[in-house]
Amino acid sequence: MNWNSTLLAQIGSESVAASIDYSVEITQGLLTTNNVWMMLCTALVFIMHLGFAGVETGFGQAKNTVNILFKNTVTPIIGILTYAVCGFFLMYPGFEVPGWFSFDSAGWSMFWMNPENADITAEYADAGYTYWTDFLFQAMFAATCATIVSGAIAERVKISAYLVFTLIFVGIVYPLIGSWKWGGGALDAMGFYDFAGSTLVHSVGGWGALAGVILVGPRIGKYVNGKTVDKPGASVPLAVIGVFLLWFGWFGFNGGSVLSADPGLVSMVLVITCLGAAAGGMGGFLAAYFAFKRLDLGMVLNGILAGLVGITAGADVFKPGASLLIGFIAGILVVLSAVFLDKMKLDDVVGAVSVHLTCGVWGTLAVGIFSTNPDHSFLTQLIGVAVCGAMAFGSAFLIFYILKVTVGIRVSEEHERSGLDSHEHGIRGYTIVYDE
């Protein structure tokens, strides 16, 4: 009897020990799986910069190709560096009491001085990813924000003014606004919801683009005698490639925003994202046909992007049917917005304001209408949009205005007419050399 009791006790203790060991292995395996997915999504978001470059270069004029590519190359460089220097610690400050401004000085010190103390265990982010993956994924988001501005004011802005703007806007303004929701700040406490950034990334960049378009002014010859003059892009195929690269990257943009490899939620988010994009393209196609009486490829492309932007705020709380409606409306809105901007003589080369601002606002408000979460309210979403918009537009307008009255933000008329490539970069984007 005593022997049996002893044996059972020993077996029981071994079972407990084994279960503990299995638990550790399962947790570590879960962390590895989640982290690999997050790193893959980080790479997909990074590829979006190539998509932005393709869209802007394709829609821009051939004489400004190198200038556009230069901006799109330097923008992620500045975005990643500024996010490492201050943006990450401004965006995720660890609010003790939800507020409007805080800075994680302890995190900054650890990142730069004692990186060996970074948390790479399952204790960080509920085994979703490591500290370093967290930084890199969020840095990719930061860099996309300024790229939105680049496309809107292309072909006439001084490269030096644009770089200074990017440094300040991405380094300070974007992470500060992001902290209000994603960093646990005041908007988060209010119940504002933005899953992957229809407002916090896209409309923030869109507000910056609108401020730039207003202050830089339209390209020479864009509006003549009350009529809008089309300026043919350098490469329609390149623009198409760029849009499909962005659609491809959006699987990481939204899929990664699940912040784990949760199979059910990730797969649903990707379906909602894809449906929104397709419906947006259809909305752009039909709206452009009725508005212009032609099969407008550019509006179909921007319709796809509009649907993606519109679906991003609630890709985890929308039903498939709602995603079709949201995306379709976004595709219509992008056409109406583009027409309205031209009537106001606001020259947006790639339609960035219409895609990212107009449809970013729509997608964020749509959460208050179509969300499956009863805690989400239209009024709260509206307040969040207004607060973020006021901060983004006000800051961008101030930065551009100071630059305008000091160093200037627009190239000379001579340089604009002949193209920025030869004057600012010394090479052309398209050069054909014939052997004699």
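Angles under 35 degrees count as roughly parallel, over 145 as roughly antiparallel, 65 to 115 as roughly perpendicular and the rest as oblique. The model is predicted: local features need pLDDT of at least 70, side-chain atom pairs count only at pLDDT 80 or more, and totals for chains, interfaces and linings use all residues. Residues are numbered from 1 along each chain as its sequence is written, and side-chain values use heavy atoms, with hydrogens and water left out.

**Exercise 1.** Describe how helix H9 passes helix H10.

Solution.
- Step 1. Two packed helices are described by the angle between their axes and the distance between the axes.
- Step 2. The axes of H9 (residues 263-292) and H10 (residues 297-312) come within 6 Å and cross at roughly 140°. Axes are lines fitted to C-alpha atoms, for helices over the stretch in contact, and angles run from 0 to 180 degrees between N-to-C directions. Helices (H or I, at least four residues) and strands (E, at least two) are DSSP runs, numbered from the N terminus.
- Step 3. H9 and H10 are therefore oblique to each other.
- Step 4. The crossing is right-handed, meaning that the near helix is turned clockwise from the far one by less than a right angle.

**Exercise 2.** Find which residues of H9 and H10 meet, and sort them by class.

Solution.
- Step 1. Contact means heavy atoms within 4.5 Å. On the H9 side the residues include Gly276, Gly280, Gly284 and Phe292, and on the H10 side they include Met299, Gly303, Gly307 and Ile311.
- Step 2. The residues of this contact divide into 10 nonpolar, seven polar and no charged. Ala, Val, Leu, Ile, Met, Phe, Trp, Tyr, Cys and Pro count as nonpolar, Asp, Glu, Lys and Arg as charged, and the others, Gly among them, as polar.

**Exercise 3.** Describe the largest pocket and its lining.

Solution.
- Step 1. On a 1 Å grid over the protein atoms alone, a pocket is an open set with protein on both sides within 12 Å along at least five of seven lines, and lining residues have an atom within 4 Å of a point.
- Step 2. The largest pocket holds about 990 Å³ of space. It is lined by 36 residues, and Lys222, Asp230, Arg294, Asp296 and Met299 are the closest to its centre.
- Step 3. H11 (320-343) gives the most to this lining, with six residues.
- Step 4. By class, the lining has 16 nonpolar, eight polar and 12 charged residues.

Note on methods:
1 Å grid on protein atoms, 1.4 Å probe; cavity = no way out; pocket = protein on both sides within 12 Å on 5 of 7 lines; lining within 4 Å. Points joined across faces, edges and corners; volume = space filled by probe spheres on them.
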